[in-house]
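My entries follow the structure below.

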Amino acid sequence: MTQTTKAKKVNLDTNPPIIKIDKLNKWFGKFHVLKDIDLQVNKTEKIVICGPSGSGKSTLIRCINRLEVHQEGSIVVDGTELTDDVKQINEIRSDVGMVFQHFNLFPHLTVLENCTLAPIWVRKKSKMEADELAMDLLTKVRIPDQAKKYPGQLSGGQQQRVAIARALCMQPRVMLFDEPTSALDPEMIKEVLETMIELAESGMTMLVVTHEMGFANKVADRVIFMDEGQIVEQNDPKNFFNNPKSDRTKLFLSQILNH
Amino acid sequence: MQVLVLTLVSFFIFSIYQTTVSNLVERGIQTSTSFFDDVAPFKIGFSPFLNFELGKTTYIEVFYIGILNTLLIAILGIFASTVVGFIVGIVRLSPNWLASKCALIYIEIFRNVPLLLQIMFWNFAVFLATLPPPKKSIEFGYIFLNSRGLHTPIPFIEDKSSFNAWVFILLLGVIFCILLSRWAKKNFEQTGIKRPIFIYNLLILSSIGFLSYYLLGGPLEFDVPVLGKFNFKGGGQLPLPLFSLWFALTIYTSAFIAENVRAGISSVSKGQIEAAKSIGLNRSQMINMIIIPQAMRVIIPPTISQFLNLTKNSSLAVAVGYEEIVAVWAGISLNQTGQALIIIAMTIIVYECMSLFTSFILNMYNRKVQITER
């Protein structure tokens, strides 16, 4: 089933979208969080999603690796549709990295063990191979000297960079960021954003939920504004910030940029 | 001020000592340990570790028998209540409504009824009332169950030299298995190939054990229980009081441990579970590598005190006549000799030592699983 859809898409389009979301609907009890969301993400595209709290932006990206279950519509990640099949879900999760607002590092494991856990047990890599890869990525996020420490011994910014390295160790095709800088002190936000910019320059496909408009301006190919469970507006950052179309976007931007 | 308090406290202790000594003299009681070597004029039915012989066993040996019997029930109880407690605690968190509510009812019934009542209930109302007398024992092969307890065959050594050879071969097998596990771990780190090494080891050890046992011509004989006039003779015996006490202590303590387990597992934050899922770990990997290690640090400290409670609660055995230290030493021996001071002091010290030893061992383990911070 999945192979046929994959083959069909390759025939239709030489560069198929890596994520294809169709008519997505989700409810929390009676609360309608996501309403008819349509979204396609191409390879290497960087998308920034912003919007007021409760607009469903986090829920949307959490649906992509099935931390939330949607009720209607379809999500296809790299040719595989998300269903209740546990094996398929785990496969997609290992191909989609996620970075959380509160880091969620494993406190009982060292930084290095945090990074090598999934490569060893999910990717079945040898420990030596996984260690090598992890050290390589920890060097990229500029904290190789902290490898033997525990997460509790690091600062917030360092922890978030370890979390990025942990996700990258699975060599994902897509990276999801759920407000990665919201729990950080201002000076630590910078070091995390720098890491993310470097990652963007390396050609990673990224979906970032954030309020860092400077970051959006710099790296985003597309900025999406969500409100009340709907995509209100999407545009390239230049047009999005300079002449927003809807009043709701204008109001949001004036509030977020003038505070 | 501090000097004044110190003086008052010392005076208080001194006056208690004075009163005790003068009261003892008044009643003509001489506190001495000379009764230790006197022959105990009563019978102890259950003494699996030291040989009891009426008319030969001395008081101090009765003391040792009491300690060993207390240790036996404590170890049996700790082992069983941990297993049951973990199972009930995990079922309590099951997404299945019925299973979780059953576990809740189990916990709420057994931790809210006084332990003494439970011991008596299981012993008198359940086991004594339902189990048949010795002549109508329930049989499972050579194992017999009746109202006196459980009777099983016990092995004894027939030929010493072949038994030693067997033990030696088994030891070699164990060493081989340890080396094999080490090799497997190293190989896993180098190549990432995981092998079910525990099952291999089990197969290797059991086949070595059985093969060499038969090649050596069976160095063990079995003493089989035989029905006598009133009860079974020979074989091993698990007396009913021990069984009911074990049962009641296990059920009572496991209800508390189940709550500790539930608290521990619930303490692992949702973010940890989401992070584990997001890197593609499957359910069993998530439970084994993320949830359990973090839950253990919350579960262990209160569970240590449950183990200590269980050890001390075993003294309620007096109610059903299991012969542990309070029953045979602080009970019968005290009545026979009247040496209250020394006997009670020794009993207190025994419990104190057991508790300190248990918490020492578990605190060491606890320190190992605690999370490093700062």
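I began with helix α6 (residues 156-168) of chain A, which lies across β6 and β7 of chain A and runs at about 170° to β6(A). For contact I took heavy atoms within 4.5 Å; axes are lines fitted to C-alpha atoms, for helices over the stretch in contact, with angles from 0 to 180 degrees between N-to-C directions. Helices (H or I, at least four residues) and strands (E, at least two) are DSSP runs, numbered from the N terminus. I then found helix α3 (residues 86-95) of chain A across β6 and β7 of chain A as well, running at about 65° to β6(A).

I noted that this is a predicted model, in which local features need pLDDT of at least 70 and side-chain atom pairs count only at pLDDT 80 or more, while totals for chains, interfaces and linings use all residues. Residues are numbered from 1 along each chain as its sequence is written, chains are lettered from A in the order in which they are written, and side-chain values use heavy atoms, with hydrogens and water left out.

Next I looked up the sheet under these helices. In chain A, 6 strands form an open sheet with mixed pairing, in the order β6-β7-β8-β3-β9-β10; two strands pair if DSSP finds at least two bridges between them. β6 (96-99) and β10 (230-235) of chain A stand at the edges with a single partner strand each, so one side of each is left without a neighbour in the sheet. Strands β7 (residues 174-178) and β8 (residues 205-209) of chain A run parallel and are joined by 5 bridges, and I found Asp178(A) opposite Val209(A) in β8(A).

In chain B I found an open sheet of 4 strands, antiparallel in its pairing, in the order β1-β2-β3-β8. Here 4 bridges join β3 (residues 149-152) of chain B to β8(B), and Thr152(B) has Gly236(B) as its bridge partner.

Last, I checked where the chains meet. The contact takes 30 residues from chain A and 26 residues from chain B. What joins Glu274(B) to Arg62(A)? I found a salt bridge, with the closest N and O atoms 2.6 Å apart; the term needs a side-chain nitrogen of Lys or Arg within 4 Å of a carboxyl oxygen of Asp or Glu. The count between chain B and chain A is 1 salt bridge. On the side of chain B that touches chain A, α5 (160-191), α8 (270-278) and α9 (283-313) of chain B each supply at least two residues, and α8(B) gives the most, with 7 residues.
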